[in-house]
Structures are given as C-alpha cells and as structure tokens.
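Visitor: I'm new to this one and would like to learn how to read it. Could you show it to me first, and then I'll ask about its features?

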Amino acid sequence: MSSEQFKFIIDLLHNDKDIDFDKLHINGGEPLIHHSFVEMSQYAKELYPDKIFVLGTNAIPLDNNPELLSFVCKNYQEIVIGCDDEHQNIDILFRVIPRIRELSKDITIVINSVIEYTSQSTFKKIEELKDKYEIITVCNH
C-alpha cells in the first residue's frame, strides 16, 4: 500500500464519526519494511493520539535497527510477533524482546504461533521468553 493510500484510509476513518474503535492495528506482510512506515505511523498517531497502536510483525527488521526499535517502543502500545519455524525468527526474539523490555516495561508483547508450522523445540523456547519477559502467547491453526 502506498503512503497516499494509507493516509486516505486513515482520513476516511477520522472523518467518519460513526466508526468507533479502541485499537489501530498495523499489519502486513511485514509493515516494518515499508519505506514510509515511520511517516505513516506518525500521521496516524497525530490523528489518533489516544488510540492504542498495535504492530503486527515478525520482529526481524527490529533486530539490527535500534532507531526503528526505539520508534516502535515509543509509538506502539502492543506488539504482536508472529513466530514459527517458517520465519525462523525465534533466536531473533531472544535478542529483540529484552531490548523492547529495556525501552518499555508497559508495552504488551504477544507471540503468535501457528501450530502446524511450529516445532516443539520452538514452542519450548517461546515458553522461556514468556516466563522471563511477561509476554502473552497465542497458538492457532
């Protein structure tokens, strides 16, 4: 989606007073690789400063980008991380989640896994993260 399309949709939501919501979910694909992610997030945040912002990600782009990680932790109240063997991102979560917790104790972290694509060893590692960093885990089909 282009940033112009995103802004058009955000403007439609903002101008329609019959639409009420508590959370604005930014999902993908992987939204963090969009070249205008920060700009689009800031635009939405200006129109909706009191809404809860939720980011759906695999967290891979956060691993080596401290500026992006800092931005996300300052502007999003929830991060939902898809983690399974297809993404091969469990080791990345062991690096990223502690950094998220250093930047924000209040941010809600959810790890979402698809049962058919997640090995028992990955589930075991997810449980380690859950116990250590106060995260929510969700498994689905």
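Visitor: What supplies at least two residues each to the lining of the largest pocket?

Guide: Before that, two reading notes. What you see is a predicted model, where local features need pLDDT of at least 70 and side-chain atom pairs count only at pLDDT 80 or more, while totals for chains, interfaces and linings use all residues. Numbering starts from 1 along each chain as its sequence is written, and side-chain values use heavy atoms, with hydrogens and water left out.

Helices (H or I, at least four residues) and strands (E, at least two) are DSSP runs, numbered from the N terminus. A pocket is an open set of points on a 1 Å grid over the protein atoms alone where a 1.4 Å probe fits, with protein on both sides within 12 Å along at least five of seven lines; lining residues have an atom within 4 Å of a point. Here, helix H1 (3-15), strand E1 (23-26) and H2 each give at least two residues to that lining.

Visitor: What is the volume of the largest pocket, and which residues are closest to its centre?

Guide: Volume is the space filled by probe spheres set on the grid points, which are joined across faces, edges and corners. For the largest pocket that comes to about 250 Å³. There are 13 lining residues, and the closest to the centre are Met-1, Phe-6, Ile-26, Asn-27 and Met-40.

Visitor: How many aromatic pairs are there?

Guide: Rings of Phe, Tyr and Trp (its six-membered ring) pair if their centres lie within 6.5 Å; planes under 30 degrees apart are stacked, over 60 edge-to-face, and the rest tilted. That rule gives 4 aromatic pairs. Take Phe-37 and Phe-71: their ring planes meet at 80°, with centres 6.2 Å apart, so we call the pair edge-to-face. It links distant parts of the chain, since Phe-37 is in helix H2 (residues 37-47) and Phe-71, 34 residues away, is in helix H3 (residues 66-75).

Visitor: Is Phe-37 buried or exposed?

Guide: Buried means under 20% relative accessible area, exposed over 50%, and partly exposed in between (1.4 Å probe, protein chains only). Phe-37 comes out at 3%, so it is buried. Phe-71 is buried too, at 12%. Phe-37 has another partner: it makes a stacked pair with Tyr-76, at 5.9 Å centre to centre and 15° between the planes. Tyr-76 belongs to the loop between H3 and strand E3 (78-82) and Phe-37 to H2, so this pair ties together parts 39 residues apart in sequence. Tyr-76 is also buried. Overall, ring pairs join Phe-37, Phe-53, Phe-71 and Tyr-76 into a cluster.

Visitor: Which ring does the charged end of Lys-51 sit over?

Guide: A charge counts as over a ring if NZ of Lys or CZ of Arg is within 6 Å of the ring centre and within 35 degrees of the ring normal. Lys-51 sits over Phe-21, 4.7 Å from the ring centre. Likewise, Lys-7 lies over the face of Tyr-43, at 5.3 Å.

Visitor: Let's do the strands. In what sense do E3 and E4 pair?

Guide: Two strands pair if DSSP finds at least two bridges between them. E3 and strand E4 (residues 108-114) are parallel, with 5 bridges. You can find Glu-78 opposite Thr-108 of E4. The chain gets from E3 to E4 through helix H4 (residues 90-103), in a right-handed β-α-β crossover. Right-handed means that, with the strands pointing away from you, the path from the first strand over the helix to the second runs clockwise.

Next, E4 pairs with strand E5 (residues 136-140), again parallel over 5 bridges, and Ile-111 stands opposite Thr-137 in E5. Helix H5 (residues 120-133) carries the chain from E4 to E5, in a right-handed crossover.

Visitor: And the backbone: which residues does a cis peptide bond join?

Guide: Gly-28 and Gly-29, with omega about 25°. Gly-29 is in the loop between E1 and H2. Also look at Gln-88, which isn't a glycine but has a positive phi of about 50°. You'll find Gln-88 in the loop between E3 and H4, exposed at 66%. Glu-134 has a positive phi near 50° as well; Glu-134 is in the loop between H5 and E5 and is exposed, at 69%.
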